[in-house]
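Here is a short report on one protein model. Please look at the sequence and the structure first, then read on.

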Amino acid sequence: MPSENPHPSSTGPYDLAVVGAGVIGLATALEESLRGRRVAVIDAGAFGLGASWAAAGILNTRAGLLGNSPFREFHLRSVGAYPEWIARVESASGRTVPYSRAGDYQIFPLDDPASRLALHEREDQLFREKAHAFTVRDAWPDFLAPHAAPGPVRVFHYPGEAYIQNRVLLESLTEALRRGGAGLFPGARVEKIGRENGVNVLEAVAEGRGVRILADQVLIAAGTGCNEILGLLGLSLPLSPVKGQLAMLPRFYSQDTMVHGVEKFYLIPRGDHLIAGATTERGVDDTEFNALGDAYLTAQLRRFFPRVKPDWVETWSGLRPRCADRLPVMGWVDEAAGIAISTGHYKSGISLAPLSARCLSALLHGEKPPASLAPFDPWRAGALQSAAA
Ligand SMILES: Cc1cc2nc3c(=O)[nH]c(=O)nc-3n(C[C@H](O)[C@H](O)[C@H](O)COP(=O)(O)OP(=O)(O)OC[C@H]3O[C@@H](n4cnc5c(N)ncnc54)[C@H](O)[C@@H]3O)c2cc1C
């Protein structure tokens, strides 16, 4: 609904206005704030309740040492940067962000052709990436064996794998920004982006009142909502939501490790519970937990742990931002106007946040990013285009 206030209040000028308060926007905003820049963060809803809240918080490397593609390389480096990054977030927020390197077990049933195919692909990847930090056995680990389905299995153990309590991470990033004096604008929908006297002006509506946010630079980091912002600039991305449904059940094993069933089912410890996930529903843009999610998670749980009841204590879903080529979109939209974008992190945005934030911050400062953003250029073939095209 357009603002009916003819005299919206102005705020700023900020050095940077970030549109979207998910892990990508918040992490970049904090990077900039820690560099002494005046930062505003604007979100159409509450902060940190998008995909980043829904995520399971897995930071998997699959024991890889080298990436076999620019994306894998970026992923591995970002996950490797986590301990140092979390320490900075904790120091800036005064809060502890639970991060665990308790490892991961990955179970491949050998009596199922699809699982055997996935196993061969996994073995190929481990070989290609010179992975070394893992062991393999043809038996369930003792702590899972009493719950396990019968039948032959191959089990990989990756002892160095990590996960993060992503909801606490989001709260901590927001708190760090607050402490750093950032302008925080929850519930503000941007309706217009223009330029006045060489400065970007974002006109937003919050609780029916207009607000004009002035900023030298703008970062679009609105996850699956990026096209709403890009549309104001006459642009669009082939970005689609991929819904994921998850549920939480009481912990039935005592260890803090993650467990993966082949590639598409996982159990991640969260306090006294386990997160079970997740569906992959392309192009679905509602965020209900529904019968499909329930049936999928129940079937997966039964397949690997037939005696464990799907007694969900919480259910939810989220929308992963996926670009047509599945790669993130990070770089300048309009360098002359100081408008950049960071989105399309699809299934790995929590993992990719530390390095994405550092790279975007370097870009905004005219510095060489610590990792090449060339493969993720917003203007690559098949990414940004005129909205009329
Ligand atoms: C079910 C599920 C499980 C996942 N598990 C993992 C995992 O284990 N590990 C991992 O690394 N990744 C995981 N991911 C992926 C990860 O969550 C995403 O890649 C990441 O959260 C994307 O972050 P974001 O900041 O771009 O988007 P979001 O977190 O969605 O944030 C975007 C923000 O922009 C706001 N917004 C939208 N439109 C507008 C607008 N027009 N104006 C202003 N603000 C707007 C939204 O309100 C939202 O707050 C998972 C995702 C899902 C859905």
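Predicted model: local features only at pLDDT ≥ 70, side-chain atom pairs only at ≥ 80, totals over all residues.

Setting aside neighbours within four places in sequence, Ile-42 is in contact with Ala-17, Val-19, Phe-185, Ala-188, Val-190, Leu-202, Ala-204 and Ile-213.

Ile-42 belongs to the largest nonpolar core, which has 108 residues. Ala-17, Val-41, Ile-42 and Ile-220 touch the most other members of this core. Helix H9 gives the most to the core, with nine residues. Domain 1 and domain 2 each supply at least three core residues. Nonpolar side chains tend to be buried together in soluble globular proteins.

## Two domains

The protein is divided into two domains, and each is built from separate stretches of the chain. Domain 1 takes 9-94, 166-236 and 325-386. Domain 2 takes 104-159 and 240-323. Their centres, taken over C-alpha atoms, are separated by 29 Å.

Where do the domains touch? On the domain 1 side, 28 residues are in contact with 29 residues of domain 2. Helix H2 gives the most to that side of domain 1, with three residues. The residues on the domain 1 side divide into 13 nonpolar, eleven polar and four charged.

## A sheet of three strands

Strands E3, E8 and E4 form an open sheet in the order E3-E8-E4, with antiparallel pairing. The edge strands are E3 (58-59) and E4 (99-100), and each pairs on one side only. E3 and strand E8 (residues 162-164) run antiparallel and are joined by two bridges. Ile-58 has Tyr-163 of E8 as its bridge partner.

Gly-64 lies in the loop between E3 and helix H3 (70-80). Is Gly-64 buried or exposed? Gly-64 is buried, because 23 other C-beta atoms lie within 10 Å, and 20 or more are needed to count as buried. Not counting residues up to four places away in sequence, Gly-64 touches Arg-72, Leu-76, Glu-129 and Ala-131. Gly-64 and Ile-268 are 204 residues apart in sequence, and their C-alpha atoms are 20 Å apart in space.

Strand E15 (residues 258-261) is covered on both faces. Met-258 and His-260 are buried on one side, and Val-259 and Gly-261 are buried on the other.

E15 pairs with strand E5 (residues 104-109) in the parallel sense, over four bridges. There, Asp-104 has Met-258 as its bridge partner. E15 also runs antiparallel to strand E16 (residues 265-270), with three bridges between them. His-260 has Tyr-266 of E16 as its bridge partner.

E15 and E16 form a hairpin with three residues between them. In the turn, Val-262 has a positive phi of about 50°. Glu-263 is in the loop between E15 and E16. Glu-263 and Ala-118 are 145 residues apart in sequence, yet 7.6 Å apart in space, C-alpha to C-alpha.

Asp-256 lies in the loop between E14 and E15. Asp-256 counts as exposed, because it has 12 C-beta neighbours inside 10 Å. Leaving out residues up to four places away in sequence, Asp-256 touches Ser-100, Ala-102 and Pro-269. Asp-256 and Asp-104 are 152 residues apart in sequence and 9.2 Å apart in space, C-alpha to C-alpha.

Terms used: Residues numbered from 1 in each chain as written. Pairing = 2+ DSSP bridges. Domains from an automatic or database assignment. Contact = placed C-beta atoms within 7 Å. Nonpolar A, V, L, I, M, F, W, Y, C, P; charged D, E, K, R; others polar. Core = buried A, V, L, I, M, F, W, Y, C linked by C-beta atoms within 7 Å.
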